Amino acid sequence: EIESSIFFIATLVNSGKLEDMKESKKELHAKINLQAAKKASGLASFGVAAEYARDGIQLLTIDRWETQYQLTLELFSTAAEAESCVGNMGAMEVYCREVLMQEKATI
């Protein structure tokens, strides 16, 4: 049931104020954005997917690669793929470079 309403849910959580949000809630909201980004990509709505992935990335902690590695990797990878599909190669390169700079990243 959540899957069918994921865009509505993601839009709703993205309308909240970040500075008032607890870290645990930010992580949950980042996961919701990841689900929405993946669903949008699956529907070939790559511009929307890039926005949801970008919103999810903004919700991650500063030490995201140490504390939220898998979620961070998935958000950055999804963002890079979506940006590539809409022809935004500059943004794609930024996301890819960030992933490749991580020690745990495997190619």
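Predicted model: local features only at pLDDT ≥ 70, side-chain atom pairs only at ≥ 80, totals over all residues.
Residues are numbered from 1 along each chain as its sequence is written, and side-chain values use heavy atoms, with hydrogens and water left out.

**Overall shape and surface**

- Along its principal axes, the C-alpha trace spans about 35 × 30 × 20 Å.
- The accessible surface comes to about 6500 Å², and 56% of it belongs to carbon and sulfur atoms. Accessible areas come from the Shrake-Rupley method with a 1.4 Å probe, and for residues only the protein chains shown count as cover.
- Of the 107 residues, 39% count as buried. Buried means under 20% relative accessible area, exposed means over 50%, and partly exposed is in between (1.4 Å probe, protein chains only).
- Among contacts between residues at least 6 apart in sequence, 55% join residues at least 24 apart. A contact here means heavy atoms within 4.5 Å.

**Helix α2 and what covers it**

- Helix α2 covers residues 23-42, which is 20 residues, and reaches 29 Å from its first C-alpha to its last. That is close to the 28 Å expected at 1.5 Å a residue, the expected span being 1.5 Å times one less than the number of residues.
- The buried residues of α2 are Lys26, His29, Ala30, Ile32, Asn33, Leu34, Ala36, Ala37, Ala40 and Ser41.
- The cover over these buried residues includes α1 (6-14), α3 (46-58) and α5 (69-85).
- Not counting residues up to four places away in sequence, alanine 30 touches Gly56, Leu59, Leu60, Leu71 and Leu75.
- Alanine 30 and tyrosine 52 are 22 residues apart along the chain, and their C-alpha atoms are separated by 8.8 Å.

**The loop after α2**

- Alanine 44 follows α2 and is found in the loop between α2 and α3.
- Its phi is positive, at about 60°, although alanine 44 is not a glycine. For background, most residues other than glycine have a negative phi.
- Alanine 44 counts as exposed because its relative accessibility is 51%.

**Two buried polar residues**

- Glutamine 68 sits in the loop between α4 (64-67) and α5. Its relative accessibility is 7%, so glutamine 68 counts as buried.
- The side chain of glutamine 68 makes a polar contact of 3.0 Å with the side chain of threonine 61, and another of 3.4 Å with the side chain of glutamate 27. A polar contact is a pair of N or O atoms within 3.5 Å; within protein, one must be able to donate a hydrogen and the other to accept it, and residues adjacent in sequence count only if both atoms are side-chain atoms.
- Leaving out residues up to four places away in sequence, glutamine 68 touches Glu27, Leu60 and Thr61.
- Threonine 72 lies in helix α5 and is buried, with a relative accessible area of 0%.
- The side chain of threonine 72 reaches the backbone oxygen of arginine 64 at 3.3 Å.
- With residues up to four places away in sequence not counted, threonine 72 touches Leu60, Arg64 and Trp65.

**Cysteines**

- The count of disulfides comes to 0, a disulfide being a pair of cysteine sulfur atoms within 2.5 Å.
- The sulfur of cysteine 85 is 12 Å from the closest cysteine sulfur, in cysteine 96, which is too far for a bond.
- Cysteine 85 counts as partly exposed at 41% relative accessibility, and cysteine 96 is also partly exposed, with a relative accessible area of 31%.

Definitions and conventions: Helix = DSSP H or I, 4+ residues; strand = E, 2+ residues; numbered from the N terminus.
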